[in-house]
Amino acid sequence: MRVVKILDVKSENPYVKTIFFKDEICLTAEPGQFIMVWIPGVDEIPLSISSVYEDGSSSVTVAAVGEATKALTSMKPGDLIGVRGPFGRGFRINGGRSLVVGGGTGMAPLMLLINRLIKENSDVTVVNGADTKDKIVFLDRLEDLSKVGKIRVYFTTEDGSYGFRGLTVDLAERIIRSEEVNVLYACGPERMIKRLYCLAKTFSIYMQASLERYMRCAMGICGSCAIGKYRVCKDGPVFMMEELREIEDYLGLVKYNERGEKIPV
Amino acid sequence: MYLLLYVPYGGVMKEIVNLFGAIDLSVRLAGLFMPNPTMLASGILGMSAETLRRVAEAGAGAVVTKSVGLRASSGYPNPTVIQVECGFLNAVGLPNPGIHKFVEEIKALKDLGIPVIVSVFGFSPKEYAEVAGLAADAGASAIELNLSCPHVKGTGAEIGQNPRMVKMTVEAVKGSVSKPVFAKLTPNTSDIVGLAEAAASAGADAVTAINTIRAMAIDVETFRPILANRVGGLSGPAIKPIALRCVYEIYEAVSVPIIGCGGIMGWRDAVEFILAGASAVQIGSAVAFGGLSIFKSINMGLAEYLARKGFRSVSEIVGLAHKK
């Protein structure tokens with residue numbers, strides 16, 4: 001456990017904040033890897049690294065949804081948090097044309113991935129979805145990248161308040177039908193991932209998806225985050241197409257809660 | 001001793017046989033047949049049938065489930081597991097879905113090919129017996145009594161530190177199940193031998209030594225204990241010499257088989273425990289450091305060691321360090 005000072009807190013939208021801190025080991029994070037963030041006296045939660053910068057700072061991007069995330073998003077520069085990690089296996093950068101699909105704060109690990117793909121001169125199309133315009137994460141950052149021609153970006157909102165009206169999956173299908181896509185990278189609500197997986201299967205596209213489960217140790221020993229025979233913390237959190245196939249019966253359907261009971265996703 | 005009769009996850013065993021000739025790694029422990037002496041320790045990956053199946057495929061000789069009680073429990077909030085110098089500190093708090101749900105996982109392991117040992121806890125001898133009975137009925141090969149969890153009130157070490165309670169608990173469980181019963185002992189006592197004697201006298205078929213050692217970590221920046229429960233149990237390389245001493249002393253005092261546990265990171269550690277008197281060994285923290293291949297690598301190293309020292313089976317070296 002390394003305890004670090006929060007350097008900066010940036011509001012991405014009314015619900016989501018990006019928290020910046022300096023930690024040397026986090027700089028080695030691969031896109032898709034996560035850290036355990038300790039909010040002293042409250043909880044410790046897994047969060048994807050959303051950026052790493054050359055000045056030595058890194059960030060996590062988090063929505064205020066539960067007790068721990070509410071406490072974390074209300075922290076100020078100078079406050080202390082603990083970090084462990086980075087843990088797990090991240091995205092594998094494949095060549096070819098990439099379609100990156102994120103829903104809500106699922107964009108966090110994808111933002112780091114997009115920046116890596118740009119560095120590798122990949123052809124990148126991004127679909128970023130949310131319920132409403134004010135819930136879109138990284139809107140400005142992605143539009144800036146798109147303006148300078150680094151990526152193509154599409155936004156979807158369920159209420160049509162910004163970009164395409166509808167779901168990311170519907171737009172992703174349209175893109176897949178009309179242009180060549182070699183790799184599909186995804187992170188977001190698991191039911192979205194499940195539908196994207198079905199799409200990837202139908203169109204024989206190689207998919208990599210980052211999954212989420214209740215976690216404790218993050219080191220592959222406690223078994224809390226099991227999905228089928230895999231551990232999300234160690235074997236994932238990013239799963240490759242062939243592994244997604246093996247956990248099809250769980251994906252978007254079943255998970256274990258903190259008591260180890262099977263419950264619907 | 002003669003060569004293996006039974007090769008459930010054949011890959012490992014066949015390689016060993018080809019490399020080292022007639023080395024027999026199999027173990028008979030309290031009537032259970034294990035293809036090799038390595039077991040998955042309780043609390044590690046033991047919550048679901050599918051992860052336990054993966055451990056079996058990785059070459060373990062037996063698996064022990066996560067401890068299960070009568071009622072579902074969430075355990076403690078995080079942080080529950082952290083890495084410290086030379087090991088891990090954990091206070092997970094015995095989360096489990098309750099035995100009535102967990103029987104489904106036990107049943108799903110019917111065809112595993114290696115023993116499935118269900119770890120149970122309770123808040124009274126009667127409750128231990130009730131949980132053990134349900135686990136045995138669901139198909140557990142054996143029961144391991146968690147008389148040693150160091151961080152939950154009213155169970156584990158709070159029962160297991162008292163020889164009289166150990167005796168009562170083992171007796172109650174032996175009275176309700178016909179499967180072998182192991183007592184997992186706590187090192188958080190001045191006299192672990194007395195606990196082993198109490199378990200053996202009550203009819204335990206084996207004792208497991210040791211569980212984690214009560215310990216803690218404090219963050220100097222925030223002035224706070226790091227574990228949410230403040231105090232937890234230490235595992236890993238830091239506790240190996242202590243665990244080894246416990247096994248050595250217990251071996252001199254009781255005649256039931258001993259399962260060694262505590263900081264076993266490789267074949268050499270496993271051999272040390274066997275020489276001290278363990279008939280089998282449990283692996284926990286090493287899964288985090290070395291991954292699931294640890295079972296295979298310990299078995300390979302053990303077979304090579306036995307061949308090099310001119311032995312043909314594991315049983316020949318059990319307790320050898322006691323020879324005067």
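Me: What share of the 324 residues of chain B counts as buried?
Reply: The share is 60%. For chain A, 52% of 265 residues are buried.

Me: What kind of model is this, and how are its parts numbered?
Reply: It is a predicted model, in which local features need pLDDT of at least 70, side-chain atom pairs count only at pLDDT 80 or more, and totals for chains, interfaces and linings use all residues. Residues are numbered from 1 along each chain as its sequence is written, while chains are lettered from A and ligands numbered from 1 in the order in which they are written.

Me: How do you know what makes L94(B) count as buried?
Reply: L94(B) has 22 C-beta neighbours inside 10 Å, so it counts as buried. Its place is the loop between β6 (87-90) and α3 (99-107) of chain B. Its phi is positive, about 55 degrees, although L94(B) is not a glycine.

Me: Is F223(B) buried or exposed, and why?
Reply: F223(B) has 8 other C-beta atoms within 10 Å, so it is exposed. Phi of F223(B) is also positive, near 65 degrees, in a residue other than glycine. F223(B) sits in the loop between β12 (218-219) and β13 (224-225) of chain B.

Me: Why is chain B said to agree with a compact globule?
Reply: A compact globule of 324 residues would have a radius of gyration near 20 Å; chain B has 18 Å, which agrees. The radius is taken over C-alpha atoms, and the rule is 2.2 Å times the number of residues to the power 0.38. The C-alpha atoms of chain B fill a box of roughly 55 × 45 × 40 Å along the principal axes. For chain A, 265 residues would give near 18 Å; the value is 17 Å, which agrees.

Me: How many helices and strands does chain B have?
Reply: Chain B has 11 helices and 16 strands. Helices (H or I, at least four residues) and strands (E, at least two) are DSSP runs, numbered from the N terminus. Chain A has 6 helices and 17 strands.

Me: Why are α8(B) and α9(B) called roughly parallel?
Reply: The axes of α8 (residues 240-253) and α9 (residues 267-276) of chain B cross at roughly 25 degrees and come within 8 Å. That angle makes α8(B) roughly parallel to α9(B). Under 35 degrees is roughly parallel, over 145 roughly antiparallel, 65 to 115 roughly perpendicular, and the rest oblique. Axes are lines fitted to C-alpha atoms, for helices over the stretch in contact; angles run from 0 to 180 degrees between N-to-C directions.

Me: Which residues make the contact of α8(B) with α9(B)?
Reply: α8(B) gives K240(B), L244(B), V247(B), Y248(B) and Y251(B), and α9(B) gives D269(B), E272(B), F273(B) and A276(B). Contact means C-beta atoms, placed from the backbone, within 7 Å.

Me: What makes α9(B) largely enclosed?
Reply: Of the 10 residues of α9(B), 9 are buried, so the helix is largely enclosed by the rest of the structure. The buried residues pack against α8, β15 (258-261), β16 (278-283) and α11 (294-308) of chain B. G277(B) follows α9(B), with a positive phi near 130 degrees.

Me: Why are α6(B) and α7(B) called roughly parallel?
Reply: α6 (residues 163-176) and α7 (residues 192-201) of chain B pack at about 25 degrees, with axes 8 Å apart. The two are therefore roughly parallel to each other.

Me: What makes I45(A) count as buried, and which residues is it in contact with?
Reply: I45(A) has 22 other C-beta atoms within 10 Å, so it is buried. Its place is strand β4 (residues 43-52) of chain A. Leaving aside neighbours within four places in sequence, I45(A) is in contact with V37(A), A68(A), T69(A) and N78(B). N78(B) is joined to P79(B) by a cis peptide bond, with omega about -5 degrees.

Me: How many residues does each chain give to the contact between chains A and B?
Reply: Chain B gives 33 residues and chain A gives 26. On the side of chain B, α2(B) has the largest share, 4 residues.

Technical notes. Buried ≥ 20, exposed ≤ 12 C-beta atoms within 10 Å, placed from the backbone. Contact = placed C-beta atoms within 7 Å.
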